[in-house]
Amino acid sequence: MSEPARYAAASLRAFCAQALQQVGARPADAAVVADALVAADLRGVHSHGALRVGIYVDRLRAGSINPQAELAIARDTGALVVADAQAGPGIAMAVRAMDLAIARAQAHGIAAVSVRNSNHCGMLAYFAMRALPAGAIGIAATNGDSLVAPWGSRARFLGTNPFAVAVPARDEPPVVVDMATSVVAHARIKSAFDRGESIPAGWAVDSAGRPTTDAALALAGALLPFGAFKGSGISILIDLLAGLLPGGRSGPEIVPLYQRLDEPQGVGHLFMALHVAAFDSLEAFTRRVDETVRRIRALPPAEGASHAFLPGEPELLRAREHEARGIPLPSDAVAEIARAGRLLDLVPPRPL
């Protein structure tokens, strides 16, 4: 199999931003959405990369994403804010909310911004990592439309309900955990279906609740939570904390991203920041983080591994390589970018 064609990050950002602006997104919002999409591709998280620009264009054209939305404050107690995204672009609203949480944490030590009435917001590490330059720990979580069967069920109820945490270090890279509470993202099964490929056992069940490696049967059935009942429990908590706590929707009430395109999704988010200096000096904490990272990395490797990996390390290494050599986009992402280009009469990026 030949290696996928590679694309320059800058050209992908420019195309995505232009496409979003052409269908009504404000320039600043289009720019930040494009940056978040390409940040995901750089880290190898193609399920939340430029692949998504087409559906965002579709939803803006259909009116379910409000391009003039603001992050409206519904409740404000200083360290805690409840906000309404007014059905705005999910990524742009999430950036506003995360930045607000960071600013409030600098004043109060810890802060949380809870968001209702939003839309799909992409890769959560993008938001959690925004806290790092401010000397803070960033935490992000979101619920989503029903794709995952709770432990013991065959019916979809939960979203993939991811969460991310970014912890600053001093000289070592930050520690960044970003994970869905399903075994895999839904887009990976959709990509396998589009390519006519099977999927590994343990990813999904069919509509009768039987394990399947057939991508078509998996799409008609449900994804599975990671770690069996443990992942299911975490996913339920995220649905409650990100969705219901701010007065928003639960998974079954959220409009699916690729269906009913004229209806806002109603996704809920939760963003938190912990200002490190409120706990200990930033220098002391990040020095200890460095020490811990180095101790873990120095552990004897398992068979077949070069060393023990830290959370976020593989993504960082991919991002560095992709910045230098270009992003190897999967075929479904290339096809979706081309579709958006045809739809808007825009020339898609050319491979390197």
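## A walk through the predicted model

Phe127 is buried, with a relative accessible area of 0%. Buried here means under 20% relative accessible area, exposed means over 50%, and partly exposed is in between (1.4 Å probe, protein chains only). Before going on, a word on the ground rules: this is a predicted model, where local features need pLDDT of at least 70 and side-chain atom pairs count only at pLDDT 80 or more, while totals for chains, interfaces and linings use all residues. Residues are numbered from 1 along each chain as its sequence is written, and side-chain values use heavy atoms, with hydrogens and water left out.

**Aromatic rings**

Back to Phe127. Rings of Phe, Tyr and Trp (for Trp, its six-membered ring) are paired if their centres lie within 6.5 Å; planes under 30 degrees apart are stacked, over 60 edge-to-face, and the rest tilted. By this rule there are two aromatic pairs. In one, the ring centres of Tyr126 and Phe127 are 5.6 Å apart with planes at 90°, so that pair is edge-to-face. Both Tyr126 and Phe127 are buried. In the other, Phe127 and Phe271 have ring centres 5.8 Å apart and planes at 70°, so this pair is edge-to-face. Phe127 sits in helix α5 (residues 125-128) and Phe271 in strand β11, so the pair ties together parts that are 144 residues apart in sequence. Helices (H or I, at least four residues) and strands (E, at least two) are DSSP runs, numbered from the N terminus. Phe271 is buried too, at 0% relative accessibility. Put together, the ring pairs link Tyr126, Phe127 and Phe271 into a cluster.

Pro168 is found in the loop between β6 (163-167) and β7 (175-179). At 5% relative accessibility, Pro168 counts as buried. What does Pro168 touch, not counting residues up to four places away in sequence? With contact taken as heavy atoms within 4.5 Å, the list is Leu132, Ala136, Ile137, Pro174, Val276, Phe285, Thr286 and Val289. Ala335, for its part, is 167 residues from Pro168 in sequence and 37 Å from it in space, C-alpha to C-alpha.

Ser232 belongs to helix α8. Its relative accessible area is 5%, so Ser232 is buried. Setting aside neighbours within four places in sequence, Ser232 is in contact with Pro150, Trp151, Leu158, Pro225 and Phe226.

**A nonpolar patch**

Out on the surface, Ile236, Leu237, Leu240, Leu241, Leu244 and Leu245 form a nonpolar patch with about 530 Å² of accessible area together. Patches are built from residues with over 30% relative accessible area and no salt bridge, joining like charges within 9 Å and nonpolar side chains (Val, Leu, Ile, Met, Phe, Trp, Tyr) within 5 Å. The areas come from the Shrake-Rupley method with a 1.4 Å probe; for residues, only the protein chains shown count as cover. Leu245 lies in the loop between α8 (229-244) and β11 (267-275), and at 59% relative accessibility Leu245 counts as exposed.

**Salt bridges**

Side chains of opposite charge can pair when their charged atoms come close. How many salt bridges does the rule give? The count comes to 24 salt bridges, each being a side-chain nitrogen of Lys or Arg within 4 Å of a carboxyl oxygen of Asp or Glu. Three of them are listed here:

| Pair | Closest N and O atoms |
|---|---|
| Glu197 and Arg195 | 3.2 Å |
| Arg260 and Glu263 | 3.1 Å |

Glu197 is partly exposed at 34% relative accessibility, and Arg195 is partly exposed at 39%. Arg260 is partly exposed at 44%, and Glu263 is partly exposed at 31%. Arg288 and Glu291 are three residues apart in helix α9 (residues 282-297), which puts about one helical turn between them. Glu291 is partly exposed, at 33% relative accessible area. Salt bridges that share partners join Arg170, Glu283, Arg287, Arg288 and Glu291 into one network.

**A three-stranded sheet**

Three strands form an open sheet in the order β9-β8-β10, with antiparallel pairing. β9 (211-212) and β10 (222-223) stand at the edges with a single partner strand each, so one side of each has no neighbour in the sheet. Two strands pair if DSSP finds at least two bridges between them. Strand β8 (residues 204-205) is joined to β10 by two bridges, and they run antiparallel. Val205 has Ala222 as its bridge partner in β10.
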